[in-house]
Amino acid sequence: MSEKKTPWQAALVALFARNWIALFGAVLSAVSALLIGVFVIIGLLQLSDSPYMGIMAFMVLPGVFVFGLLAIPAGALWERYKTARPGAEAPSDRAAGLFPVIDLNSPHTRRMAGIVIVLTVLNLLIISTVSYQGVKFMESVQFCGKVCHTVMEPEYAAYAASPHSRVACVECHIGPGAPWFVRSKLSGLGQVLAVTFDTYEKPIPTPVRNLRPSQDTCEQCHWPEKFTGDRVKVITKFLDDEANTPTKTVLLMHIGGGSASHGGIHSWHINPSIRTTYIAADEQRQEIAHVRVEKADGSVLEFTNTKASTDGHDGEERVMDCIDCHNRPTHIFQTPMQAVDGALASKRIDTALPYIKKLGVEVLTETAEAQRDSDQILERVRAYYEENYPDLYASGRETVESAASVLKALYDRNVFPKMGVTWGTYGNNLGHETSTGCFRCHNDELVTAEGEAIGGDCDVCHTVLAWDEEDPEILDQLQIQ
Ligand code: HEC
Ligand code: HEC
Ligand code: HEC
Ligand code: HEC
Ligand code: HEC
């Protein structure tokens, strides 16, 4: 290669002038680098938290940037290929041959090589930083909960109002470690396709078949040894009468600890020396056909429900873990009853409104059944008070309006027609009030060969200190307000 007099800038300019691929690549990478910078600054200044900005800054633009960078050498190669073809006219300053001859004795080439190395290191730095940010972004609540807005809306809305609203989705759904990270990215790809082509199931099916065992997720924060003792639980409800009379149920929950030394729910169920497995008769795991208990000393106890049929079901044996009771630790969907009771108890709805409990539950239920728009809730509540309590409607208009809008908000937080989610779609297995819950196993049907059932005495799980009482004495004794 003959000694070139042109400085490297001139060589590049010449390449861009001759070859549109290289020029296109250069423009593309420059513009996308600039845009990434702008988006990152907007993000840092917290001017916008739109997930689409994250998608652009950390997923789309970096791809464009790398594509642009690759286009430059590709353009240069193409240029050489054109001039190296037999019969093609090579510019006088260049010898024939597809690849350039690199002669490090030439100061020009040395300088050129230095620049290329520096630029490459710089680019690798940018790309790795941005892809690290991209991965972090894909783990963010924003990405999981808001990108496919309609799809994740029910779970996101429930999550946002739950005790885990500060715990990232990935802490429960992926957990630590590389294998699950890769698995999640692979299944994520399938999910993106399913959403793109609208082939996913509505509502999203539960239980989640491939959820990670809870030792690796829940137990990162709630380790079994930590639990101790009993906990008083006060449940406030309201009657269907005109005064919306409040009643209280007081339970002493025997939660207990993770060791068998003292009794209780956790003491038995998350005891590391007891392994419980079960086979469900249905996809929802609501009817249990077989339970097997294996203790550290090797003893085995088996319970069978002869009436439950596992026909047409895979009959998979599942190791019982936290999720079998706490299936709704964060995606907590209420019943109309629970929703209205909760709003009355927290005084978001004024209990002075006559029959508001009864009306609220009716309106919430009927709106879902008739698949009406949630705005109609406002009209129904107004109409009810206008017709039945005209004086109150005239003087206490604001109270009625506020109750109506709270009811609408309760509806929008629990019912998602586009996703096929309505009252009761996602039942809670903790307890036995709104679903079979604990009684899936703690019943008389699942028995040993000797006919013994799984313990079902009320006191095993809790002491009922008061049950739907208007003014329980026990609360005075315990000085609970
Ligand atoms: C505290 C742990 C936890 C967090 C945080 C969490 N989830 Fe879940 N999620 C669960 C559990 C447990 C289930 C499965 C219940 C089952 O299998 O019965 C679930 C189920 C789901 C389902 C299936 C539908 C359903 O309701 O059963 C979707 C979708 C989902 N989660 C999305 C999300 C999104 C999006 C976020 C973040 C905004 C998130 N999850 C945060 C624990 C969590
Ligand atoms: C990243 C940490 C983290 C993970 C993972 C996690 N939790 Fe929690 N959990 C918390 C925090 C924080 C609270 C709130 C404590 C509080 O409000 O006092 C909580 C509260 C709870 C509560 C009590 C809720 C209430 O009504 O007061 C339950 C039950 C619970 N978690 C179960 C689970 C289950 C089941 C899983 C796994 C699916 C899980 N957690 C995963 C951090 C976590
Ligand atoms: C057999 C069912 C069952 C299993 C299995 C189970 N729990 Fe619980 N857990 C309960 C019940 C019932 C309560 C009490 C709920 C209440 O008081 O409202 C509870 C309470 C809790 C609380 C709140 C404790 C407090 O002091 O307020 C946390 C946190 C919790 N569980 C986490 C877990 C974790 C983590 C696992 C798995 C290692 C697990 N649970 C397994 C039934 C279960
Ligand atoms: C296998 C354990 C278990 C057994 C047995 C059991 N319960 Fe419960 N019970 C629970 C749990 C768990 C809850 C839910 C607490 C919560 O809301 O977190 C509950 C809740 C309740 C509630 C409050 C429901 C509500 O929301 O208003 C009442 C009342 C109740 N139980 C009564 C009984 C009676 C009466 C018996 C005996 C026939 C009984 N339970 C047997 C576990 C049990
Ligand atoms: C998949 C089946 C299954 C489910 C669901 C289940 N349990 Fe159990 N539970 C068992 C078995 C099996 C035993 C052991 C019975 C025996 O040894 O006789 C047991 C024992 C217990 C004990 C200890 C009883 C004792 O005699 O000391 C408590 C407390 C308990 N369960 C609470 C609960 C609560 C609360 C729930 C619901 C939140 C629940 N269980 C749900 C299977 C289950």
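How many nonpolar, polar and charged residues are in the shell around ligand 2, by class? The shell has seven nonpolar, four polar and one charged residues. In that count, Ala, Val, Leu, Ile, Met, Phe, Trp, Tyr, Cys and Pro are nonpolar, Asp, Glu, Lys and Arg are charged, and the others, Gly among them, are polar.

Good morning, colleagues. This is a predicted model, in which local features need pLDDT of at least 70 and side-chain atom pairs count only at pLDDT 80 or more, while totals for chains, interfaces and linings use all residues. Residues are numbered from 1 along each chain as its sequence is written, chains are lettered from A and ligands numbered from 1 in the order in which they are written, and side-chain values use heavy atoms, with hydrogens and water left out.

I begin with the domains. The chain is divided into domain 1 (8-138), domain 2 (149-211), domain 3 (225-330 + 429-477) and domain 4 (336-419); these bounds come from an automatic or database domain assignment. Taken over C-alpha atoms, the centres of domain 1 and domain 2 are separated by 36 Å.

I return to ligand 2. Among the residues that surround ligand 2 are Pro-163, His-164, Cys-218, His-222 and His-326, where a residue is near a molecule or strand if one of its heavy atoms lies within 4 Å of it. Two polar contacts, that is, pairs of N or O atoms within 3.5 Å, deserve mention; within protein, one atom must be able to donate a hydrogen and the other to accept it, and residues adjacent in sequence count only if both atoms are side-chain atoms. A nitrogen atom of ligand 2 is 2.7 Å from an N or O atom in the side chain of His-164, and a nitrogen atom of ligand 2 is 2.8 Å from one in the side chain of His-222. Because domain 2 and domain 3 both give residues to this shell, ligand 2 lies between them.

Next, ligand 3. It is surrounded by 17 residues, the closest being Arg-231, His-266, Cys-322, Cys-325 and His-326. His-326 places a polar side-chain atom 2.7 Å from a nitrogen atom of ligand 3. Helix 10 gives the most to this shell, with three residues; helices (H or I, at least four residues) and strands (E, at least two) are DSSP runs, numbered from the N terminus.

Which strand supplies the largest share of the shell around ligand 4? Strand 1 does, with three residues. Of the 17 residues around ligand 4, Lys-237, His-432, Cys-458, Cys-461 and His-462 come nearest. Lys-237 has a polar side-chain atom 2.7 Å from an oxygen atom of the ligand. His-432 has a polar side-chain atom 2.7 Å from a nitrogen atom of ligand 4.

Three strands form an open sheet in the order 1-2-7, with antiparallel pairing; two strands pair if DSSP finds at least two bridges between them. Strand 1 (231-238) and strand 7 (462-469) each have a single partner strand, so one side of each is left without a neighbour in the sheet. Eight bridges join strand 1 to strand 2 (residues 246-253), and Thr-236 has Lys-248 in strand 2 as its bridge partner.
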